[in-house]
Amino acid sequence: MKFKLIIFFLVILTIATRSFRIETVPPNLSNDEISIAYDAYSVSRTLRDEHNHFLPLSFQSHGTYKAPLAIYLAIPSTIILGNSELSVRLPSILAGFLTVFLLGALIFELTKNRTLAFLGSFILAVTPVHIHYSRMATEANIALFLVVLGLYLFFYGLNHTKYFATIISFAAFGLSLYAYHTQWGFTPLLVFLLLFFYRKELLKQKLFLIGAGLFVLLLIPIFVTFTQNIGTTSRENTQMIFQDPFVIGQLSNNSINILQKFQVVLKTFISNYSNYNNPQYIFFKGMQLLGEQDPFQVGLFLFPFLISFFVGLFLVKKYFGAHKNFIYSLLIISPLVPALTTGGMNNPRNLISVAPIILIISAGSLFIWESFRDNKFLKFLKWGVLFLISISFFYFMVIYYGLFPIYSGVNYQYGYKQIAEYIKPNYNEFEKIIIDPRFGETNRYSGVPHLYIPYFTNLDPNQLLRRKDIKDGVIFDKYEIREINWNLENLKPDYLYVVPNSNQPEKKDLQKLLEINLPNNQPAFDLYTY
Amino acid sequence: MIALPIVLFIYFWLNNFKIREIFKPKILLLLALLPVPIFAFSYQKLLFNLFPLLTLLFLFLIVRFESKVVFVFGLIFILLAGLMVNNGDTIFMRSDIAKAISQHQLDAQFLPFKLRPLFYNGLIYFYFLLGQTANFLSLKNLYDLLLLANFYPLILGIILVAKKSSLIKYFLLGSLAIGFLVMGLPVSPSSISILFILIPVIIYLILSSFEKMNKKIYLGFFLLSLFIQLNNFNP
C-alpha cells in the first residue's frame, strides 16, 4: 500500500511539473523548437523538410544540422493535435516522464534497494534542469531517455539472464545517436565502458553479439551522413572546440610550436570540463532562468543536494557495490563531449550528466537520511533538511512558473505566435505581408518568422518549399521576410507591415493595427497598414 | 616560502620525527609539492604570513592533546584569520543584490503583495554566499591553486581522515568548511588568500595519504600538471 502511494505521488508530481502551463512556460517555442515543429509539420504533409529534402536523416536548421528523431517523434502529435506548443513538446514531455521512473528502475537493478530507487526517481522528478527540458521539445531530453532506457534494459538483462533485454538495450543506445548530436561522442564511449566493465558477464552469452551488431548497424547511416557533411556547416563541424576564436587564433599563430598548440587545446578543454563540473553551476546558477547577474538564480539541481552529492561521491561503493567503477566512469565521461564544444555553457549538451549525478545524490541522500535515524538530535534535523528541500523546490517553482516567463520573452522570440494569431483570421484582407525579422532591444537579434508564422497559421508547407530566397530575406506565398527601412519602403495599401517596436515609422499616414507586448509589458512588435 | 618548512615539519611529524626518513626515496615525493602555486603565495602584511604557522600549532596541539578547547579555539582562529585577510567589501554590501530584491518584489505580481517579501528577501545573501563558496570547489580553481596532481592525494587524505574517530578529523574537515565559507564572503573572492591560512591542513591531508596512494598515478598526474602549467595560455 505504501509502495503504491509513493508511486502515485511520484506520478502526480512528475505529470504536474512537466505539463502545468505547458503552452506559456517557456513563453514561446524557442528557436530550436520552432525548427523541430515546422519540420514535423512539413514532413507530415509533404514528406519533405523545410529545405525540400525527402525524409532526411539530418535536418538542416539555422545554418547547421539537427538530429532527426525529435522531429519524426513529433509528427504523430502534430497530426492528431494540430500545430501548437503541446504537439511539438509532447514527445519530450513523455520522454521526461518515463525517464523519472526508468531511472528509479535502473537504480533498483543496480542496487536492489527499493528506497534508493524511489529516492532517485523523486530527486529527478524535482530536478530543475530535467523539468525545464522535459517541458520543451529538446533533442537532448529524448537522448537522455534512450540512454537511461538502454542502461536499464542492459542491467535488467544481465541480472535476470534475459539477454534479449540486453540486445534491445543496444538498440536504444543506437537510437540515441539519432536523437542528439552530442550522443555521437558520448554513446560509443558509454557502450565501450559497458563492454569493458561487464565483459565477463557478456561473454558468457554470445547472443550479446547480436546487440553489438545492432548498435553498429544503427551507426552506419550516422557515419554516412557525417562523412557527407564533412566540410559543411553541419553541427558537429561548427561547434567543436577547434572553432573557438581563441583556439583558432593560437593554432594559427606561427610563433608557437606544436606542443604549445596542443597545450592550448588541452587547457581549453580542461577549462570547459571544469566549468561543467563547477558546483556553483550545478547547484546554484546553471539554469540561467533570470538575467545573468541576477542573484535569484537556480541551479541545475536543488541546492540542498550539494551536500548529498559530495557525501555520495564517497559512498558509491557502499550502495552500488561492484558497479562503482562504472558509475564513476559514467560521471567522468558525461561532460566530456560538451567540454569539447565551443559556444559557452550549454545545458542541453550536458543533460546526460543528470543520470550519474542523480545516482550519486541518491546515495548521499540515503546515507544522510539513515544516519539521521540513529541519533535523537539528528532525527530532528532531518525534518529541517526536508523542509529546506521543500522550500528550495517551491522557490524554484515560483521563479520558473512566475518570473521566468516574464523575463525571458525576448529569448524565446515571443510575439510571433501573437502575430500569427492576428494574421490567421485577417489573412485575406492583405495582398502582401511584409515582416521585418529583427527583434530585441536595438534590433540586435534576427528571428525566424518564416517558421513561426506558417506554423501557427497552418500555411500549406508546399508554399515554403516553393520559396524564393532574396538578398537578406525570403519570399513565399504572400509573405516577404526582410528588413523594412521606412525611408526606402514603397508603401502600398492592403499590405501588412510587421516591424519590431524599435523600428517606428516616421510617416504618419500608416495605421497601427496592433501592438504586441512581451510578457514583461515591454513593446515587442507593431503591425501597420498603409 | 613558509610552505617549505611546514611541509618538512609535517612530513617528519607523520613519520614520528625519525631522521632516517630523510634517506628514504619517498621523500622525493615532497618535490612534487614544491611547484604548487599556493605554496609560493605570501601576503604583503608580515603578520598574515604567520597565520599558517598558527594553524600548524593548533593542528599539532589537537593531535598531541586531543583537547576540545584547543579544537574550538582553532576553528575560531581560522574564521577570524579568514575574515582578517579578506578585509574588503563583503557580498552583504552589494547594491545590485538589494536592487534585485526590490525589483522582484515589484515584478512578482502573480503573488499576493504580502507574500512577496517571503520569497524575495535578504536570505538571498546567504544563498549567494553558498554559491560563491561552491564556485571555489571547481576543478579549475582547485588545480590552479594546488596542481591537478595534488587533488588525488588530497581527496584520498580526506577519505582516510574521515574514517578516523578522533578530534583531528573534525578539526581538519571543519577548518576546510569554515575556510570555504569565508571564501564566499568578499565581493571579489580571493580563494588563494584563505587557502594560504589552511596550508598546514592541506599539507597534512596530502601527506597522510602518501603511504596509501598509488605513486605511479600520482607521478603521471604530476607530469600532466606540469605540462598544463608550463605556459600561460589562458582560455
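Q: How do the axes of helix H16 and helix H20 of chain A cross, and how close do they come?
A: The axes of H16 (residues 305-313) and H20 (residues 354-373) of chain A come within 7 Å and cross at roughly 95°. This is a predicted model: local features need pLDDT of at least 70, side-chain atom pairs count only at pLDDT 80 or more, and totals for chains, interfaces and linings use all residues. Residues are numbered from 1 along each chain as its sequence is written, chains are lettered from A and ligands numbered from 1 in the order in which they are written, and side-chain values use heavy atoms, with hydrogens and water left out.

Q: Why is H16(A) called roughly perpendicular to H20(A)?
A: Angles of 65 to 115 degrees count as roughly perpendicular, under 35 as roughly parallel, over 145 as roughly antiparallel and the rest as oblique. The axes cross at roughly 95°, so H16(A) is roughly perpendicular to H20(A). Axes are lines fitted to C-alpha atoms, for helices over the stretch in contact, and angles run from 0 to 180 degrees between N-to-C directions.

Q: What makes H7(A) roughly parallel to H9(A)?
A: The axes of H7 (residues 139-159) and H9 (residues 183-197) of chain A cross at roughly 10° and come within 12 Å. That angle makes H7(A) roughly parallel to H9(A). Residues in the contact (heavy atoms within 4.5 Å) include Phe154(A) of H7(A) and Leu190(A) of H9(A).

Q: Why is Val69(B) called exposed?
A: Exposed means over 50% relative accessible area, buried under 20%, partly exposed in between (1.4 Å probe, protein chains only). Val69(B) has 53%, so Val69(B) is exposed. Val69(B) lies in helix H4 (residues 68-85) of chain B. Helices (H or I, at least four residues) and strands (E, at least two) are DSSP runs, numbered from the N terminus.

Q: Why is Glu66(B) called partly exposed?
A: Its relative accessibility is 42%, so Glu66(B) counts as partly exposed. Glu66(B) sits in the loop between helix H3 (51-65) and H4 of chain B.

Q: What is the phi of Glu66(B)?
A: Glu66(B) is not a glycine, yet its phi is positive, about 50°. Most residues other than glycine have a negative phi.

Q: Why is Leu47(A) called partly exposed?
A: Leu47(A) has a relative accessible area of 41%, so Leu47(A) is partly exposed. Its phi is near 65°, a positive value in a residue other than glycine.
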